[in-house]
Amino acid sequence: MEVPDEYNAKLSMRKAVYMNNPPVHPPVYAIDESVCKFHDCEECVKACPTQAIELDQKPEEVTINVGSIVVATGFEEFDSSTIKEYHYNDYPDVITNLELARMVDGFGPTGGVIVRPSNRQPAKKIVFIQCVGSRDRRWKPYCSSICCMISLKHATLIKSAYPEADISVCYIDIRTTGREHEYYYEQAREMGIKFVKGRPTEISRDPKTGKLVVDTEDALLHRLLELEADLVVLAPAMVPSEGTKELAEILGIDIDQDGFYKEYNAKLRPTETKLRGIYICGGTIFPKDAPTTSLQAHSAAVKAAKFLNKGKIIKDQRTAVINQDYCGDCEFCPVTCPYHAITLEDKGEDHFAAKVSDLLCEGCGVCVGTCPQNAIELRHSKPEQMTAQMNGILSLNESAEPLILAICCSECGHTAVDSSGMAMMEYPASVRVMKVPCTGILQIHQFLEAFKAGAQGVMVVGCKSDGCHYEVGSQKAEKKVDLAKTLLNEYGIESERLEMFQFVFIEGDKFAEAAQMMSERLKKLGNLKLMIGP
Amino acid sequence: MMSYAIFLGCTIPARQPNYELSARKSLSKLGVKLVDIANMTCCCPPPVQSIDLKTSLAIASYNICLAEEANLDLLTLCSGCFESLAMANNMLKHDQKLKTKINKILAETGKEFHGTKEVKHFLQVLKDDIGLNQLEQNIVKPLTDLKIAPFYGCHALRPSELLQLDDPERPQILETLIKTLGGTSIEYQNKLKCCGGLLRGVSDDLALDLARDKLINVSNSGADCIATLCPFCFVALDIGQIQIRSKFQEIYDIPVLHYSELLALALGIAPEELAPRTHKIRIDKIINKIL
Amino acid sequence: MRAESFSETIRERLGGETITFCYQCGTCASSCPVAKRTTDFNPREIIKLCLLDEKDEILDGKSIWLCCSCYNCQERCPQKVEIADVIYAVRNIAIEKGKVPNIYFEFFNAISNDGRIVKVSQFAENKRPQLGLPPLQPTGVDALKKILSTTGFDKFHLKKEEPQ
């Protein structure tokens with residue numbers, strides 16, 4: 001049985017029993033079950049000298065216990081047929097860069113000759129179209145970053161082998177940002193490759209000659225062009241490989257707005273995920289060239305090795321504890337936990353109780369702030385510890401300014417306060433800073449407690465809501481502050497006395513400004529009159 | 001019985017009784033009741049939108065309000081009306097802020113836009129509401145051997161995000177409906193390109209150039225006639241041929257029929273009931289082929 | 001307060017909101033049937049000139065009036081710039097400044113007098129029963145006039161007197 005070989009862009013045939021390309025290790029043959037005739041044929045079974053073929057083999061699921069996982073599932077080409085005006089599936093002479101790569105290969109199906117797939121005749125006029133699906137708000141809004149270089153590479157390779165080839169590249173912007181990349185572009189121009197600044201609106205085909213026409217503008221010439229072509233090569237967007245989303249769900253790691261895996265921190269922990277022991281690298285994070293992919297692969301491998309070699313995991317004791325007496329039957333905390341550290345345990349008779357994995361818990365306390373039963377505490381940040389701390393720092397005010405409690409998260413919030421101090425910025429001495437793991441831990445009654453303890457105003461200072469170190473904490477705090485404001489109004493307390501602020505850690509100036517603003521505001525409001533309490 | 005409020009617009013009652021007659025008679029034969037609502041106004045197509053977009057949206061919405069009051073979906077024949085009204089309907093349905101803004105203007109007329117009704121193109125009513133089966137069963141004079149070049153024009157399809165009639169790059173609805181009548185739908189170059197209809201009066205030379213391109217492509221395809229949806233396309237291609245004859249000394253002699261006319265003929269309605277003399281390019285040879 | 005630039009004025013208007021998405025790829029130009037026929041009209045250039053605040057060139061020129069409203073550009077724009085709507089927004093500004101091609105006065109007069117942009121002649125109306133068509137319903141001119149005066153559209157005809 002023979003079928004067109006997908007690896008060779010269907011320009012050659014392969015057998016139903018075939019060796020995977022590019023070669024896999026160990027090099028073994030595979031059987032394509034969609035075409036194999038199995039027991040109706042059995043030719044391969046008879047031919048194999050070592051009797052290695054068993055036609056009755058069935059797919060099986062294998063469980064492997066591992067200590068660490070590196071996800072390197074890569075990217076793939078966007079389906080160019082989505083852009084209907086380019087007729088990728090309708091016209092055989094419209095191909096993609098990946099398909100062209102097989103023709104450029106001297107050992108490939110055409111022996112390095114660039115042909116029109118429709119008739120196998122050499123292609124003399126070749127037009128490349130960049131940004132097919134990339135930089136397109138309708139499909140993939142991002143720049144796929146490597147397609148300019150792929151097209152430049154192919155164009156120069158073809159032009160050096162066939163100097164008479166007429167090659168044009170239609171582009172929106174040529175992006176050559178890597179080391180030595182611009183030299184490729186220079187070389188391409190020197191070789192006589194034509195560059196047309198314009199994204200073509202469509203490819204049409206003359207029904208009689210079969211010639212393709214690329215309809216574009218050259219924006220620099222201010223002229224509309226109809227470029228004739230034997231072969232049109234599309235540079236499709238690079239998209240996450242199939243199954244990326246499903247795997248992310250299984251592993252419990254995040255994907256970004258474009259569907260790629262999200263790293264823990266793009267600058268400082270670029271190959272780590274939010275889960276310890278799971279690492280990512282290469283095109284699975286974003287399309288990238290081979291050198292950068294290799295660099296990330298090294299990084300992920302070293303991270304995984306370091307993680308495994310330690311033989312132990314060092315964890316902060318600051319983790320959540322469930323009080324089993326109060327916990328009952330709701331599902332808020334397992335859904336809220338950004339680290340999937342909370343599971344529900346069956347207690348029989350339709351009762352469930354939450355259980356925290358100390359290993360997975362990162363100690364943010366978002367579950368504490370979420371639990372409607374007050375059944376969760378965070379070690380070292382228990383409610384009574386927080387109340388005691390609050391009472392302590394609010395017990396004395398020797399300045400004339402109104403006393404303000406600034407509840408800051410341990411990440412951006414507290415660091416912003418530090419930044420303002422280090423830059424010698426001034427804010428009223430009556431601002432008392434209290435550090436909590438994440439603003440997500442806060443509960444509404446704690447704001448009221450602060451006022452009871454003597455605060456004239458309360459500032460909640462967290463990370464930017466899309467930059468929270470614990471993902472959802474700052475957003476949750478924002479909502480709670482909004483809700484608390486409504487409650488304060490009910491109690492006859494001016495809701496302006498409570499405010500949420502979200503900073504990046506370097507924004508010390510903004511913190512100082514905010515503190516000053518709050519102080520002025522509270523002075524205008526005058527002394528807080530509490531109806532409750534002693 | 002299916003009922004719709006019919007939105008006639010301006011060009012159809014002013015100049016194209018052939019469109020209105022064929023549509024009314026066909027729909028009545030297919031068991032659809034059309035209700036003529038009083039106090040409709042201009043739909044405010046692109047030329048009016050060019051004067052003021054906000055006013056145009058308000059006027060378009062006012063007309064939709066009338067349909068809402070009658071508790072009927074609005075059926076349009078003219079693609080220009082379809083575009084203006086469906087766009088207004090969908091924009092206001094999906095943009096609360098805009099809706100409030102427009103309702104403030106509409107309050108002066110005692111109306112309020114709710115967004116409870118649909119604006120439907122004639123083709124949608126045929127294909128989705130009446131259904132192809134029902135259509136097929138009523139055909140007495142199938143258009144066998146008739147090669148028809150479908151022409152969508154612009155405003156039935158685009159902007160597709162708001163109109164949602166069909167795939168703007170590969171529309172099929174008109175082709176399907178032609179085949180349902182027993183006719184052959186012919187492919188031709190640049191099928192989806194504009195006929196220049198809206199440039200008439202602004203730049204007649206340009207308008208004629210675009211119409212001529214269309215006629216050249218259709219005539220190369222060997223089609224017997226063109227099926228149109230829009231009165232502006234009809235004018236551009238029908239009267240356009242007379243103008244092209246005097247300007248370029250070229251004779252195409254391609255009959256231009258609204259899809260509704262082909263439908264009426266296939267349903268067995270007598271040609272003389274359909275104001276056939278509205279056509280500047282005579283359609284006798286098409287009628288003869290069908291009868 | 002800083003004076004609003006021309007591109008900002010357009011962006012603030014109904015229809016003009018998406019103008020800043022444009023990255024000048026030229027898909028609109030090659031999609032445009034009018035640009036294919038004349039160098040007087042190029043949607044990409046119109047947007048560029050607007051973004052560069054070349055207000056006079058845009059408003060005094062004739063190019064913005066040549067769009068044939070086919071929406072091909074808008075359909076294929078990879079940045080979802082609502083190009084036709086942007087052009088309408090610019091036309092709206094031009095009209096406010098009194099720069100109006102004559103045919104728009106015809107549209108305006110027809111709308112405000114008859115409620116339709118194309119007048120239905122008495123002849124056509126009389127012929128309807130003979131053709132087998134139901135009588136035409138009256139148009140809602142009164143309601144329409146109320147809308148026109150609410151939006152200020154009825155002051156449009158005054159524009160003609162302004163020097164061009």
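These legends describe close-up views of a predicted model. Local features need pLDDT of at least 70 and side-chain atom pairs count only at pLDDT 80 or more, while totals for chains, interfaces and linings use all residues. Residues are numbered from 1 along each chain as its sequence is written, chains are lettered from A in the order in which they are written, and side-chain values use heavy atoms, with hydrogens and water left out.

**View 1. Glu349(A) lies in a loop of chain A.** The loop runs between strand E18 (342–348) and strand E19 (351–356). Strands are DSSP runs of E with at least two residues, helices runs of H or I with at least four, numbered from the N terminus. Glu349(A) counts as exposed because its relative accessibility is 77%. Exposed means over 50% relative accessible area, buried under 20%, and partly exposed in between (1.4 Å probe, protein chains only).

**View 2. Gln516(A) sits in helix H13 of chain A.** The helix covers residues 508–525. Gln516(A) has 32% relative accessibility, so this residue counts as partly exposed. Leaving aside residues up to four places away in sequence, Gln516(A) touches Glu426(A), Tyr427(A) and Pro428(A). Contact means heavy atoms within 4.5 Å. Tyr427(A) is 89 residues from Gln516(A) in sequence. Their C-alpha atoms are 5.8 Å apart.

**View 3. Chain C has 9 helices and 0 strands.** Its C-alpha trace spans about 55 × 40 × 25 Å along the principal axes. The chain has 164 residues, and 58% of them count as buried. Among contacts between residues at least 6 apart in sequence, 65% join residues at least 24 apart.
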